[in-house]
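Dear colleague,

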Amino acid sequence: TRSTRPQRLLGAVQKNATRGDPGSVIQAIDHYCRNKEWAMNVGDEKGCILDSVVSEVNPATVLELGTYCGYSTVRIARLLPPHAKLITLEFNPAVAAIARQVIAWAGLEDKVQLVEGASGDFIPRIKEQFGVKTFDLVFLDHWKEYYLPDTKLMEECGLLRKGSVLLADNVVCPGAPDYLEYVRSSPRYESRYFKSHLEYTKVEDGLEKSVFLG
Ligand SMILES: C[C@H](C[C@H]1O[C@@H](n2cnc3c(N)ncnc32)[C@H](O)[C@@H]1O)NC(=O)c1cc(-c2ccc(F)cc2)cc(O)c1O
Ligand SMILES: [Mg+2]
């Protein structure tokens, strides 16, 4: 049977990237998606904005919602200080299996905990199951209509502290209008839009960075 897009993306990593070299994994995926077959990674343009926010926050604890093939997981984990932890949630088991191999190829498995399941089920259990008190940075990149309910859930579960940073992908395309309205109008967030483009295209998209004020 025909391979899947995530399987072909992993093949490009194994063929073109050097084991243990996260930069070469990122380059191999971007080259494949720009020249062979589009895939819904955050990509190189928005990826540079992601890198700058990760470097600025210098987080000890990171939560990523929506791993997909692990491209943004590798981008984030490669910048983390030694002992920092990244928990990434992926709903689709077949996709999670590919992401594990991409993360391993980059040599970052010690910094990353990939959990299979739906964010709505896991967020309430993260504290006791993973021993995390609060997250310094959350990268939202899962189903766009879940951004708002999951943000409210993280607030209710006490997973955010004064200064926690939420960074949301795709706030323009495919869009997360209810989430944008919430973080931009709530007195509990200081929000800023980083204009960019949908990965590997000229279509407008961007990242919304929202600091939780407590
Ligand atoms: C949603 C996906 C990313 C992954 O998220 C996992 N997921 C879902 N819901 C949950 C959960 N509740 N918990 C954990 N994981 C979860 C899933 O299985 C996908 O693997 N991302 C997108 O759909 C996405 C789409 C586009 C896009 C833009 C223009 C187009 F014309 C077509 C597509 C661009 C992007 O940049 C995306 O990010
Ligand atoms: Mg995305």
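A salt bridge is counted here when a side-chain nitrogen of Lys or Arg lies within 4 Å of a carboxyl oxygen of Asp or Glu. The model is predicted, so local features need pLDDT of at least 70 and side-chain atom pairs count only at pLDDT 80 or more, while totals for chains, interfaces and linings use all residues. Residues are numbered from 1 along each chain as its sequence is written, chains are lettered from A and ligands numbered from 1 in the order in which they are written, and side-chain values use heavy atoms, with hydrogens and water left out.

Salt bridges link Lys46, Asp169, Glu199 and Asp205 in a network. Within it, lysine 46 pairs with glutamate 199, their closest N and O atoms being 2.7 Å apart. Lysine 46 lies in helix 3 and glutamate 199 in the loop between strand 6 (189-197) and strand 7 (204-212), so this pair ties together parts 153 residues apart in sequence. Helices (H or I, at least four residues) and strands (E, at least two) are DSSP runs, numbered from the N terminus. Lysine 46 is buried, at 0% relative accessible area, and glutamate 199 is buried at 4%. Buried means under 20% relative accessible area, exposed over 50%, and partly exposed in between (1.4 Å probe, protein chains only).

Across the whole structure, the search finds 14 salt bridges. Another of them joins aspartate 44 to arginine 34, with the closest N and O atoms 3.0 Å apart. Aspartate 44 is partly exposed, at 25%, as is arginine 34, at 46%.

Yours sincerely
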